Amino acid sequence: MSKILIINAGSSSIKWSLFNEKMNVEAKGVAQRIKLEMGILTLDYLDNKTDTHTPLPSFLETVKKIVKQWEDNGIVKNYDEITQVAFRIVNGGPHMQNTCEVNEQNIQYLRDSIDLAPVHNPGALEAVLAFKQLLPHAKMTMHFDTSFHRTLPKSAYIYPINHKLTEELNIRKYGFHGLNHNFIAEKSKELFGKENVNVISLHIGNGASLCAIENGKSIDTSMGFTPIAGVMMGTRSGDIDTSIIPYIMKKTGKSIDEVFKILNEESGMLGVSGVSSDIRDIHGVFDSNEQARFALELYCLKISDYLIKYLNRINGKIDGIIFTAGVGENDDYVREQVIKNIHLLDLKIDDVKNKDRKYGDYKLISTPDSQLPIYVVRAQEELFIANEAKNFFKK
């Protein structure tokens with residue numbers, strides 16, 4: 001029996017899913033708080049979800065404990081069953097734009113691209129090395145969030161800075177969340193019954209990005225050279241005037257690394273609200289905390305600004321607007337406010353459909369007389385990666 005293991009590693013976490021030959025998830029889990037005082041191992045297997053609190057001092061030790069979980073619960077009886085391991089990588093840099101096999105050269109390319117995704121790539125690299133050590137027999141692939149955006153036109157990916165620097169340092173818009181935006185593009189073909197779809201994909205989670213998809217291809221996206229660009233997010237600032245960075249350094253004596261830590265980890269919803277990066281916490285104090293209310297208002301406005309920009313960017317009839325990812329799938333208030341902020345089009349949301357949480361892979365939330373249909377589609381990055389990994393070695 002052949003199984004495919006999908007690994008999505010962050011700065012202090014490893015999310016995993018185990019697919020069988022029929023491309024169904026047999027088990028999944030997540031390791032959180034790696035390298036902190038006490039970690040959490042969550043296992044979701046046979047409709048039973050359990051949390052185990054245990055020290056996770058390194059990625060290698062975490063992988064060993066995940067494997068031990070499989071042994072203890074009879075999830076994997078023989079490790080030869082796991083024939084493939086597929087890793088989600090945020091940014092492979094200029095040398096890795098397409099899905100590729102894990103080998104020494106590509107591991108070095110990943111090392112070289114650490115600075116392009118400083119929050120995620122270090123953990124991804126450690127996860128690759130750990131699983132390579134523990135499952136040496138398995139074929140391994142890397143799947144990049146940047147791949148879907150390799151179709152961006154030059155006018156979308158070039159920054160208006162010194163051309164020589166652009167060429168020498170490979171400075172360009174890479175774009176992120178491409179694995180899910182790609183999935184949304186494929187799902188849209190099914191939703192609208194056509195091959196060349198024109199949609200705006202709103203991947204709204206703790207990290208967030210929008211993607212303008214024309215004829216099934218990415219033509220622009222809100223994240224840029226790194227994932228800090230674009231809309232306001234859970235802890236990331238999104239777009240700001242770059243002069244703010246040296247100004248903070250000059251006025252506070254903070255280093256460049258300290259300022260970027262603020263922009264990456266202490267800004268966005270957390271920074272503006274002063275409450276939390278988790279939108280559920282913001283809703284919890286919405287009526288009593290004016291600053292939290294303002295943070296949510298600003299958050300929705302920043303998303304709306306990019307939405308109207310990308311609706312204008314598409315050349316041709318637009319098929320629809322699609323919300324996806326954690327907040328996009330679950331927060332009816334955010335969806336409603338984002339659409340309400342659009343004044344150039346007559347977009348309308350059905351309040352009952354919007355609030356309904358019982359739906360399958362997708363649901364239509366717009367009214368029949370809305371100028372464009374508006375959908376919510378559940379993100380399925382792991383399934384997309386699993387299918388891509390399965391087909392990679394066939395090719």
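Is Asp220 buried or exposed? In this predicted model, Asp220 is buried, with a relative accessible area of 3%, and the close-up views below begin with the salt bridge that its side chain forms.

**View 1. The salt bridge between Asp220 and Arg313.** The side chains of these two residues meet with a nitrogen-to-oxygen distance of 2.2 Å. Because Asp220 belongs to strand 11 (residues 217–221) and Arg313 to helix 11 (residues 290–313), the pair ties together parts of the chain that are 93 residues apart in sequence.

**View 2. The salt bridge between Glu265 and Lys261.** Here the side chains meet at 2.8 Å, again taken from N to O. Both residues sit in helix 8 (residues 256–265), and because they are 4 residues apart, about one helical turn separates them. Glu265 counts as partly exposed at 38% relative accessibility, and Lys261 is likewise partly exposed, with a relative accessible area of 39%.

**View 3. The salt bridge between Asp369 and Lys348.** The closest N and O atoms of this pair are 2.9 Å apart. Asp369 lies in the loop between strand 13 (362–364) and strand 14 (374–377), whereas Lys348 lies in the loop between helix 13 (332–340) and helix 14 (351–355), so that the pair links distant parts of the chain, 21 residues apart. Asp369 is partly exposed at 46% relative accessibility, as is Lys348 at 30%.

**View 4. A network of salt bridges that links Lys3, Glu26 and Glu81.** In the model, the count of salt bridges comes to 22.

Conventions. Residues are numbered from 1 along each chain as its sequence is written. This is a predicted model: local features need pLDDT of at least 70, side-chain atom pairs count only at pLDDT 80 or more; totals for chains, interfaces and linings use all residues. Side-chain values use heavy atoms; hydrogens and water are left out. A salt bridge is a side-chain nitrogen of Lys or Arg within 4 Å of a carboxyl oxygen of Asp or Glu. Helices (H or I, at least four residues) and strands (E, at least two) are DSSP runs, numbered from the N terminus. Buried means under 20% relative accessible area, exposed over 50%, partly exposed in between (1.4 Å probe, protein chains only).
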